[in-house]
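My entries follow the order in which I checked things.

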Amino acid sequence: MRTSDALDLERGVFTKRSPRAVARSLKRSAERSDRRKSAPFRSAMSMLNFHINRAGRGISGAQRKVLDAAKDELRKLYGRKPHAGKTHARARAAKSARR
């Protein structure tokens with residue numbers, strides 16, 4: 001059997017329709033994990049980014065927006081400042097408008 005130091009996530013966490021629900025589930029998983037190697041916030045954000053990057057084009061635009069919004073919700077749950085940069089959706093919209 002192979003083992004991993006990844007978090008044990010709730011089934012279907014990345015298919016939830018609420019950014020807050022996604023963030024709360026990731027936070028819960030990160031804080032309960034005995035196998036994480038960094039702080040809970042970093043572990044949760046890392047799993048979210050990993051999923052977004054791996055899902056790539058296979059993810060719908062609506063679900064992509066939910067997951068991007070979940071990043072900000074995760075930051076709020078941990079008392080971090082919201083991200084100030086462009087989101088993927090705004091960056092893609094700006095890029096397609098230039099074409």
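I took contact to mean heavy atoms within 4.5 Å. Helices are DSSP runs (H or I, at least four residues), numbered from the N terminus. The model is predicted, so I used local features only at pLDDT of at least 70 and side-chain atom pairs only at pLDDT 80 or more, while totals for chains, interfaces and linings use all residues. Residues are numbered from 1 along each chain as its sequence is written, and side-chain values use heavy atoms, without hydrogens and water.

Entry on H1 and H3. I looked up which residues join them: Pro19, Arg20, Val22, Ala23, Arg24 and Lys27 of H1 meet Val66, Leu67, Ala69, Ala70, Glu73, Leu74 and Leu77 of H3. By class, I noted 9 nonpolar, no polar and 4 charged residues in this contact (Ala, Val, Leu, Ile, Met, Phe, Trp, Tyr, Cys and Pro count as nonpolar, Asp, Glu, Lys and Arg as charged, the others, Gly among them, as polar).

Entry on H2. I listed Pro40, Phe41, Ser43, Ala44, Met45, Met47, Leu48 and Ile52 as buried, meaning under 20% relative accessible area with a 1.4 Å probe, protein chains only. H1 and H3 are among what covers these buried residues.

Entry on H3. Its buried residues include Arg64, Asp68, Lys71, Glu73 and Arg75, along with Val66, Leu67 and Leu74. After H3 I found glycine 79 with a positive phi, near 70°.

Notes. Helices (H or I, at least four residues) and strands (E, at least two) are DSSP runs, numbered from the N terminus. Buried means under 20% relative accessible area, exposed over 50%, partly exposed in between (1.4 Å probe, protein chains only).
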